[in-house]
Amino acid sequence: MATQPAGPSIASAQAGLVKEGGALPGRKRRGSAKQRSETLAAYLFLTPYLFVLCLFFFFVSLYGIGLSFFRIDLGFGAATFVGFKNYIQLFNQLANPGLSDFWTSMWNILKFTVCVVIGQTILALLLALLLQTIKTGKSAFRTMFYVPAVTSSVATSLIFLWLYNPNGLINYVLSLAGIHGPDWLNNVFWALPALMLLNIWSTAATFMIYFLAALQDLPTDVLEAAQVDGAGPWQSFSLITVPLLRPTIFLVVALGTIGAFQMFDQAKFMTNGQPLNSTLTPMLEIYNEAFNNGGFGQASAMSVILFLIIFVITILQRRMIDPGAQR
Amino acid sequence: MAQTQATVRPTRERKPIQARKHPYAWLKVIVYLFLLIFTITSAGPLVFTLVSSFKSMRDVLAFPPTLLPNPFVWSNYQVVFGNPLFIRWLLNSVIYAGGATILNMLFSAMAGYALGRLNFPGKNSIFLITLGIMMIPGAITLIPKFLVVNNLHMANTFWALILPAMAQPFSVFLMVQFMKVLPKELEESAMIDGASRWRTFYQIILPQVKPALTAVVILTFQGAWNDFQWPLVALGTQNMYTLPLGLFFFKSTYYTQYNLLLAGSMFNTIPILILFFIFQRYFMEGAVSSGVKG
């Protein structure tokens, strides 16, 4: 099957490289002409990458943290150092989080992430299990399921804008069941769930591929032994398959969380955070703060807080879902 | 008659035995039913959009919705293409996605060759930094990246789009993984033949890692072609917009004229879908290997 990961995991790659480096006679041969020419060649090959890595990844990350301690008005003189003032201002808003755009966006994204991650993980696992049980037509179905994952977020936003309109397809389907659907994207209660549904729809297929790859690697002898011992399909699924899938479930949940927390495209394109900030996400708030209010320092502080929250949650997830893992 | 009965009877007798052998045979029907439902929900919206992009404005918003366009109109595409900016946006998207893809393929392969095949001081640190950088979410870098690009006077140029995307840590990681498992003899024999290091890389190593190159090409192209956030931040004037930004602009111009909006969205969707149907294996493999991004 074509769904195996192209490379081993980070951990093994790291281990492999360190081992390799330790066994090499690089130190011994330092200074020899051959080694010097190899080093020169290596750095020449690396030049374009190092340029991008240093400027657009390494420097920019540090710069972002640095910016959060400054007050910056683009085009109005130099930046002024304000220490933790940007952070203090944000945390002071916690006294009345309902009035703060930033904390409103945080509350929105928390609801959004919980629902989307649960939804996409279950849907992805379900799709993978369904595909795993059939033989004929497997790759055709897989291809069709994957279509939403390759379509651009802007195109799907546009399409769902149309499907969600009060007279759209979704309300028509609901009306067949006798339900009078809301004006999804203009309704304070339904706008966020509408975006959740769109996100689950567009991301589940990617994670389905992860589960498919993992299911293929399951040791079949364990499952067969369970069958011989009289385990039903539900028992072997809940007692054998799910525990063996733990690392993959963690990966899917963590990647889903990281992605969902940074949701931007749909919120900007479809609702621009409206109605009444009910779809305002932190990334959209960061964008607005920087490019509409010119508060680049404040926006950077928000980015750092968002990053720390994502980081802490990912670690907690690892503890909870896959405690046996190393690192 | 008798003959047909004779042939029918044994199969009838066999059926209950088969059913007993596979007590979950009826499950298969349910499985396929679900697969069918999910196929409709996955690909259905896009197919329905494609079909509806040939509807008149009244039809596209009709309630109840109509399945097939009646009358069938080309005018939506004529209006979209009649907008002189639209061709420009399409071209800009091709430049951004094409430029980022070609450069990233070359530069990440070069970096992968150095990190995967050569020995030099600093190699481990660069590789570890690459791994670490991949775990930093884009959220933290959006604002400072814009300020850097702005200070370099590259805002609203193709440089702003292509430079940050022309050598991506994840692509480098993928290339290293593929290159370091190739046998050492490959280079040794090339060296004996007197080939330069560049020729060894270009003529010996690159052809060996075609699957990785394809995966990198596809992931980079898909990322740049579908990109919305960074062009939104980095570009300012309409003539520089890429297609996703142009569609965003379209949305505020044509408001509820979904017939035009849907036709426009097809230009963003169909090229990537064609690529997907040709190279689907690489799309899916690439997606899984990008899991290490987390």
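This note sets out numbered points on a predicted model with chains A and B.

1. Composition of chain A. The secondary structure of chain A consists of 13 helices and two strands. Of its 327 residues, 41% are buried. When contacts in chain A between residues at least 6 apart in sequence are considered, 69% join residues at least 24 apart.

2. An unreviewed UniProt entry assigns "domain: ABC transmembrane type-1" to residues 110–317 of chain A. In the model, this span is 76% helix and 0% strand, and its end C-alpha atoms lie 14 Å apart.

3. Residues 143–164 of chain A are 86% helix and 0% strand, with 25 Å between the end C-alpha atoms. For residues 296–316 of chain A, the figures are 100% helix and 0% strand, and the end C-alpha atoms are 30 Å apart.

4. Interface between chains A and B. The contact draws 82 residues from chain A and 82 residues from chain B. On the side of chain A that touches chain B, helix α2 (residues 33–67) of chain A gives the most, with 19 residues. Sorted by class, that side of chain A holds 61 nonpolar, 19 polar and two charged residues.

5. Domains of chain B. Chain B is divided into domain 1, residues 2–52, and domain 2, residues 77–293. Four residues from domain 1 of chain B and four residues from domain 2 of chain B take part in the contact between them. The side of domain 1 of chain B that touches domain 2 of chain B comprises two nonpolar, two polar and no charged residues.

6. Geometry of helix α6 of chain B. Helix α6 of chain B has 12 residues, 123–134. At 1.5 Å a residue these should span 16 Å, and the end C-alpha atoms are 17 Å apart, which agrees.

7. Burial along helix α6 of chain B. Which residues of α6(B) are buried? They are Lys123(B), Phe127(B) and Thr130(B). These residues cover an arc of only 55° around the axis, and therefore lie on the same side of α6(B). An α-helix has 3.6 residues a turn, so residues three or four places apart point the same way.

Key. Residues are numbered from 1 along each chain as its sequence is written. Chains are lettered from A and ligands numbered from 1 in the order in which they are written. This is a predicted model: local features need pLDDT of at least 70, side-chain atom pairs count only at pLDDT 80 or more; totals for chains, interfaces and linings use all residues. UniProt positions are given in the numbering used here, feature names are shortened, and annotations may be inferred rather than shown by experiment. Helices (H or I, at least four residues) and strands (E, at least two) are DSSP runs, numbered from the N terminus. The expected span of a helix is 1.5 Å times one less than its number of residues. A residue is buried if 20 or more other C-beta atoms lie within 10 Å of its own, exposed if 12 or fewer, and partly exposed in between; C-beta atoms are placed from the backbone. The arc is that of the directions from the helix axis to the C-beta atoms. Domain bounds come from an automatic or database domain assignment. Two residues are in contact if their C-beta atoms, placed from the backbone, lie within 7 Å. Ala, Val, Leu, Ile, Met, Phe, Trp, Tyr, Cys and Pro count as nonpolar, Asp, Glu, Lys and Arg as charged, and the others, Gly among them, as polar.
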